[in-house]
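Please open the model in a viewer and keep the selection tool at hand.

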Amino acid sequence: MPPAGKVSGFHRQENDWFCNANLPSDITVVVDEVNFHLHKFPLISRCGKIATIVEESQTTTVKTLTVTLQEFPGGADTFLTAVKFCYGARIELTPKNIVILYCAADYLEMTDNYGEDNLLSKSENYFHKHILRHWKDCILTLQSCKPVIITRADKLQIINKCTNALSVMICTDPSLFGWPMMMYGSLQSPGGTILWNGINTGAKIQSNESDWWFEDISYLCVDLFERLVLTMEAKGVRKENIARAIMYYCKKYLPGLDRWQGVVVQGGASRAVASFSMTPANVDQSALLKRVVKLLPEKKSKSFCRFLLGLLRVALILGVNDTCQDYLERRIGAQLELASLDSLLIPSYSDSDTLYNSDCVERMIGHFVSSEPSVGSVLSPSSYDLGASPSFERLKRVAKLVDNYLAEVASDVNLKPGKIRSLAEALPESSRSLHDGLYRSLDIYFKEHSWLSDKDREQLCSIIDFRKLSIDACAHASQNERLPLRVLLQVLFFEQIQLKTALASCLNVFDAENAPAPPHSANPHETGGEIVQRDRWVTVVRENQGLKIDMENMRSRVGELEQEFVQIKEEMKKVSKSHSYISSSPRFIVKGLGCKLLPRSSNVDILESSSPTPRASVERSRPSTCHHRHGKSFSLV
């Protein structure tokens, strides 16, 4: 046969490949039902596996040897590349074909024992000197690892070496990289400047963000992504960054998690894959969800809790097994105080008649109560110091969240009274210093469920401690027509008790203000809500006392005015009587004017007085006047 370097190439006829040589083929290699009509010498000079097969077949008298290669890495196309190398053709190693050629060379045993600078050593050198030193090449190499070659790639430590290299690069300052890498849609040179079409622009990338690698690793399949995350944990990558990377990966492939194709960075620029010719991985959503819940590190934050609730919602949509759902519910329940109301309103995706999946929320509340022993220790009001207990603060936030949740779901006409009761009683009684939220929820529920009987309403109202209602809630409840009559009587009764208690506290405060101030000691069993409630009642009592004083003053003034009016009325009556008597008696008129009437008989003597009185003197000084006015009626002496 001619020298290998003079072979012009290969050509294909239907399902057969032929070498463009003048010698007839003496060996046929079958790969994936594709026949390669080749020559023994170029193959046995490079491939140890074929050399062994040919040596074992020397005893046969068959003119053309047929060899079948089962499960060849990469199939017929990869074998054709290896054959071209055996025939002396020059092949190009790239990050996309290095893994498959590396595995093929190992399969064919193309070691240096069968020729200097053979394909196996060539692939190994390229892998260590180029792939493991460049971020982009390492990512592309991992992405090219197909499931059919994973086993052989693991044998050659290809995946482990790539994940280790990537983990080291993630832990390293990106400005120290000596490799072109994708960062915010641009290539970065070894000096840390931006490259444009391979030209150094001199512009520095100013961002020090730690999420530059999220987009790149999101193109890996689930298996490789899982292995990379485990390697990053072993290498000491921060758990916060690992969690964010997992969240980014899930949002890209799972529906309902605000999936997007890039991350918004400072300045409004979005990350684009400009330097990579990669396509997103083909991900099984159910498999991803089952695996990712095991990868999530222990972390507590509002964004992470919201992410877990999103995963739970996706799990309910996809109908994954109960084990995955239970795991997510436990993780959420352990940090339920960080959840928001909108993320907690999970729609009911099953055949249930209710709008929201309240059963799931009830289980999460139960996991929260049992998540920490310190939470269970606050069940007894006499066993905690409310001002210094962080567990009680968590419990109080969850109670407020549950009350708001009840107010939202209460408008569902298909929600049963028993579910409202079980949700309200899922938390211990000591978790609520005020029951205004429960009262508001029941008021909404009664409004939307007007057909409920008084018995059902009374049973629901039993979850409310009316002694813990605020002033406004008490006032509203006392006039609420939707409440049963017995409940209204209870509200009025407890309202009176609160008024008496507040009045007593107010009197104590007044006594304390008048007395010398003793050293103040707070009641250790009095909650902050009770103190506020007491102060509000004291203020109301003070205002009521002021109003009472004003009312008493007003009453006394009105009484005085009534007495004055009676006196004026009596005087008016006397005046009217005197007018009527004067008109009927002239003698009274004369007396009223200071005049005297004389008897008409002739034997009457003139009255004399040795010492005239002032009244008589005055009468003497005014005879002419009297005579002028009354001379026609009577005579003066």
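**Whole model**

This is a predicted model, in which local features need pLDDT of at least 70 and side-chain atom pairs count only at pLDDT 80 or more, while totals for chains, interfaces and linings use all residues. Residues are numbered from 1 along each chain as its sequence is written, and side-chain values use heavy atoms, with hydrogens and water left out.

Helices (H or I, at least four residues) and strands (E, at least two) are DSSP runs, numbered from the N terminus. Of the 637 residues, 41% are buried; buried means under 20% relative accessible area, exposed over 50%, and partly exposed in between, with a 1.4 Å probe and protein chains only. Among contacts (heavy atoms within 4.5 Å) with a separation of 6 or more, 69% join residues 24 or more positions apart.

**The largest nonpolar core**

Select F36, L38, F79 and L311 next. These residues have the most contacts inside the largest nonpolar core, which has 149 residues. Helix α13 (residues 302–318) supplies the largest share of this core, ten residues. A nonpolar core is a set of buried Ala, Val, Leu, Ile, Met, Phe, Trp, Tyr and Cys residues joined through side-chain atoms within 4.5 Å.

Then centre the view on L311. Beyond its neighbours within four places in sequence, L311 is in contact with C250, L254, L257, L289, L296 and L328.

**Two helix pairs**

Two packed helices are described by the angle between their axes and the distance between the axes. Axes are lines fitted to C-alpha atoms, for helices over the stretch in contact, and angles run from 0 to 180 degrees between N-to-C directions.

Show helix α18 (residues 390–409) with helix α19 (residues 417–424): they pack at an angle of about 165°, with axes 10 Å apart. α18 is therefore roughly antiparallel to α19, a term for angles over 145 degrees, whereas those under 35 count as roughly parallel, 65 to 115 as roughly perpendicular and the rest as oblique. Their crossing is left-handed; a crossing is left-handed if the near helix is turned anticlockwise from the far one by less than a right angle, and right-handed if clockwise. V402, Y405 and L406 of α18 meet I420, L423 and A424 of α19. By class, this contact of α18 with α19 has six nonpolar, no polar and no charged residues. Here Ala, Val, Leu, Ile, Met, Phe, Trp, Tyr, Cys and Pro count as nonpolar, Asp, Glu, Lys and Arg as charged, and the others, Gly among them, as polar.

Move on to helix α20 (residues 436–448) and helix α22 (residues 471–478), whose axes come within 10 Å and cross at roughly 30°. α20 is therefore roughly parallel to α22. α20 passes α22 in a left-handed crossing. D436, Y439 and D443 of α20 and A473, H476 and A477 of α22 make the contact. The contact of α20 with α22 has three nonpolar, one polar and two charged residues.

Q335 lies in the loop between α14 (322–333) and α15 (341–344) and is buried, with a relative accessible area of 1%.

Select E14, in the loop between β1 (10–13) and β2 (16–19). E14 has a phi near 55°, a positive value in a residue other than glycine, and is exposed at 78% relative accessible area.

Finish at D117, in the loop between α4 (98–107) and α5 (119–131). D117 has a positive phi of about 55° although it is not a glycine, and is partly exposed at 40% relative accessibility.
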